[in-house]
Amino acid sequence: MDKKEVLYRMMLIREMEHKIESLFSQGLLRGTTHCCIGQEAVPVALSYLLNIDHDYLCSGHRAHGLSMMMTMKPETLLGEIMGKPYGMAKGLGGSQHVYYKNYFTNGITGGMATVATGIAFALKQDKTDAISVVDFGDGAMNEGYVLEAFNLAAEMKLPVLYILENNGYAMSTPVETANPFVVFEDRVKGFALPYTRVEASDFDNLYEVLSKAVKAVRETREPQFVEVLTHRFCGHSKSDKRAYIPKERDDYWHEHDCIKSVAKQLTEAEVKEIEASVAAEIERVYQYCTTH
């Protein structure tokens with residue numbers, strides 16, 4: 001895996017998210033949006049592990065990173081948010097409701113867990129090696145239909161990978177105030193789902209964990225569950241000022257930023273080259289979307 005390309009993809013997500021936030025603050029975009037600044041690791045890892053022409057991927061409201069990684073054409077995301085006909089859903093879905101080949105999102109908390117489980121049931125009947133993957137946040141872990149999906153997948157032995165990106169907050173509610181624990185190992189194992197936990201700060205380790213999980217689902221045709229401990233450096237949505245997040249938590253994750261884990265493997269000159277390339281691409285996308 002080319003680490004320069006990995007860093008480019010991670011920085012592209014982050015800088016596009018900063019651009020989207022800036023456009024909203026200037027009143028140039030309307031509606032709402034949910035950025036994934038700080039949570040770039042999982043989308044980039046999945047861009048290497050899945051074939052979206054063959055496998056299926058579902059996600060929720062915080063899915064800009066996945067959207068960019070599945071199309072590798074950022075203008076289809078920004079264009080969608082701007083209501084352009086070349087957007088991922090022809091400008092009709094906005095930030096949360098997009099699709100591309102076998103990739104689908106919606107804005108319901110954990111809502112795509114049931115859809116991905118149903119897709120896995122269909123794949124089980126088709127007897128292919130394609131798998132279904134769904135990505136959701138910690139707030140989804142208290143939704144009944146999500147837990148029902150886990151139970152069904154375990155009981156029917158379906159080829160689905162559940163990825164929980166636990167950023168510590170369901171909107172502004174700390175995970176520890178809504179659950180009897182901070183991580184969800186016991187709850188997941190209660191459904192007899194194979195469970196792995198990993199921190200997103202080390203991209204190489206995250207990639208290895210997700211790679212093993214994808215391989216296990218593909219070969220055994222049975223479910224896997226990976227909990228990724230991560231953090232968002234932005235608010236839940238564009239109007240969220242993040243006053244509820246302690247400085248100490250932000251400081252920890254700035255020090256353990258997933259982008260830093262990749263950048264430190266490159267030279268300073270290589271990182272600067274990538275930063276310049278990303279800035280040029282963001283400007284290109286912005287100019288395209290404002291003139292077409």
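The paragraphs below lead through the sheet, the helices packed around it, the salt bridges and the surface of this predicted model. Because the model is predicted, local features are given only where pLDDT is at least 70 and side-chain atom pairs only at pLDDT 80 or more, whereas totals for chains, interfaces and linings use all residues. Residues are numbered from 1 along each chain as its sequence is written, and side-chain values use heavy atoms, with hydrogens and water left out.

The description starts with an open sheet of seven strands, in the order β2-β3-β1-β4-β5-β9-β8 and with mixed pairing; helices (H or I, at least four residues) and strands (E, at least two) are DSSP runs numbered from the N terminus, and two strands pair if DSSP finds at least two bridges between them. Its edges are formed by β2 (99-100) and β8 (195-199), each of which pairs on one side only. Strand β1 runs parallel to β4, to which three bridges join it, and C58 stands opposite V134 of β4. Three bridges also join β1 to strand β3 (residues 103-105), again in the parallel sense, and here L57 has Y103 as its bridge partner. Further along the sheet, β5 (residues 160-166) and β9 (residues 224-229) pair in parallel over six bridges, with Y162 opposite F225 in β9. Helix α2 (residues 41-49) packs on the sheet and touches β1 (56-59), β4 (132-137), β5 and β9, its direction making about 155° with that of β5; contact means heavy atoms within 4.5 Å, and such angles, from 0 to 180 degrees, are taken between the N-to-C directions of axes fitted to C-alpha atoms, for helices over the stretch in contact.

Helix α5 contains A116, which counts as buried because its relative accessibility is 0%; buried means under 20% relative accessible area, exposed over 50%, and partly exposed in between (1.4 Å probe, protein chains only). Leaving aside neighbours within four places in sequence, A116 is in contact with C58, S132, V133, V134 and V160.

Together with L152 and M156, F121 makes a nonpolar surface patch of about 250 Å²; patches are made of residues with over 30% relative accessible area and no salt bridge, like charges being joined within 9 Å and nonpolar side chains (Val, Leu, Ile, Met, Phe, Trp, Tyr) within 5 Å, and the areas come from the Shrake-Rupley method with a 1.4 Å probe, only the protein chains shown counting as cover for residues.

The structure holds 15 salt bridges, each defined as a side-chain nitrogen of Lys or Arg within 4 Å of a carboxyl oxygen of Asp or Glu. One of them joins K3 and D204 at 3.0 Å, N to O; K3 lies in helix α1 (residues 3-25) and D204 in helix α9 (residues 203-220), so the pair ties together parts that are 201 residues apart in sequence. Another joins R14 and E40, with the closest N and O atoms 2.8 Å apart; R14 lies in α1 and E40 in the loop between α1 and α2, so this pair ties together parts 26 residues apart in sequence. Both R14 and E40 are buried. E185 and R197 also meet in a salt bridge, at 3.3 Å, N to O, which links helix α8 (residues 185-189) with strand β8.
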